[in-house]
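Okay, thanks everyone for coming. Have a look at the model on the screen, and I'll talk you through it.

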Amino acid sequence: MRKLTLLLFDLDATLVRTGGIGMQAMNQAYEELMGWPNALNEISPAGRTDISIAHELSNKHRSHDMAPAELDNVFNRYLKLLEVKIKTAENYRVLPGIREFLEKSEAHPDYVLGLGTGNLERGSHIKLERGDLNRFFPFGGFGSDAVLRPDVLRIGIERGEAYLECAIPREQVVVIGDTHHDITAGKQLGTKTIGVATGPYSVEQLAEHEPDLAIQDFSDTVSLDKFFNF
Ligand SMILES: [Mg+2]
């Protein structure tokens, strides 16, 4: 039987950068509906789920979590804004080497690709659509599935198992992301982890959290080919 490996990708600053549009759209939604201006600039949202960010903001502004109806309203407004703004975002880009790596791993019979992201599911698809990357990811765990990142990843793995119709041992899962949140959440679940320095952290900073591999970006084909046995 084939030994399948499941790759779970973080989205922001791992696959693409939206050039600040994601944050702008979320900030505008919070300002319009909750009256909290520049909300995301006051916290560090990288590597966090959209729901956990919402609860932190709410607790900061009024000492309790957001109600489900408030969350729905803010997120619906955010998604509408994101969908419009991303089409003309000047600095949107697919990160170096990503498209080539996705094509190579997708074509390989032993690798299966999925998402493990703190973005809402609909927000993920909007962000990936402009780069034509949705086609690589038939399933995923999303920020709309759970508050905490390990739970998002666990759900992503379960969806991968349902998609493949077989169990995937945790050591055959690789969690890939640009923050220590990705690395520690993967480790907590017993997966392998790769840190990529296309976000707020350097290779050295990511390496402090002991991922199985830390790279500058996905154009480092020497390290990646060795790690994945391509
Ligand atoms: Mg990220």
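So, the protein chain is assigned two domains: domain 1 covers 5-18 + 93-228, and domain 2 covers 21-88. Those bounds come from an automatic or database domain assignment. Keep in mind that this is a predicted model: local features need pLDDT of at least 70, side-chain atom pairs count only at pLDDT 80 or more, and totals for chains, interfaces and linings use all residues. Residue numbers start from 1 along each chain as its sequence is written.

Taken over C-alpha atoms, the centres of domain 1 and domain 2 are 23 Å apart. Where they touch, domain 1 puts in 23 residues and domain 2 puts in 14 residues; contact means C-beta atoms, placed from the backbone, within 7 Å. On the domain 1 side, helix 5, helix 6 (149-164) and helix 7 (180-189) each give at least two residues. Which helix supplies the largest share of that side? It's helix 5, with four residues. By class, the domain 1 side has eight nonpolar, nine polar and six charged residues. Here Ala, Val, Leu, Ile, Met, Phe, Trp, Tyr, Cys and Pro are nonpolar, Asp, Glu, Lys and Arg are charged, and the others, Gly among them, are polar. Helices (H or I, at least four residues) and strands (E, at least two) are DSSP runs, numbered from the N terminus.

Let's stay with helix 5. Helix 3 (residues 68-85) packs with helix 5 (residues 121-129) at about 5 degrees, axes 10 Å apart. The axes are lines fitted to C-alpha atoms, for helices over the stretch in contact, and angles run from 0 to 180 degrees between N-to-C directions. The two helices are therefore roughly parallel, the word for angles under 35 degrees. Leu-79, Leu-82 and Glu-83 of helix 3 meet Arg-122, Gly-123 and Ile-126 of helix 5. That's three nonpolar, one polar and two charged residues.

Gly-123 and Ile-126 are also among the buried residues of helix 5, along with Ser-124, Lys-127 and Leu-128. Buried means 20 or more other C-beta atoms within 10 Å of a residue's own, again placed from the backbone. Their cover includes helix 1 (21-34), helix 3 and strand 4 (111-116).

Technical notes
Angles under 35 degrees count as roughly parallel, over 145 as roughly antiparallel, 65 to 115 as roughly perpendicular and the rest as oblique. Two residues are in contact if their C-beta atoms, placed from the backbone, lie within 7 Å. A residue is buried if 20 or more other C-beta atoms lie within 10 Å of its own, exposed if 12 or fewer, and partly exposed in between; C-beta atoms are placed from the backbone.
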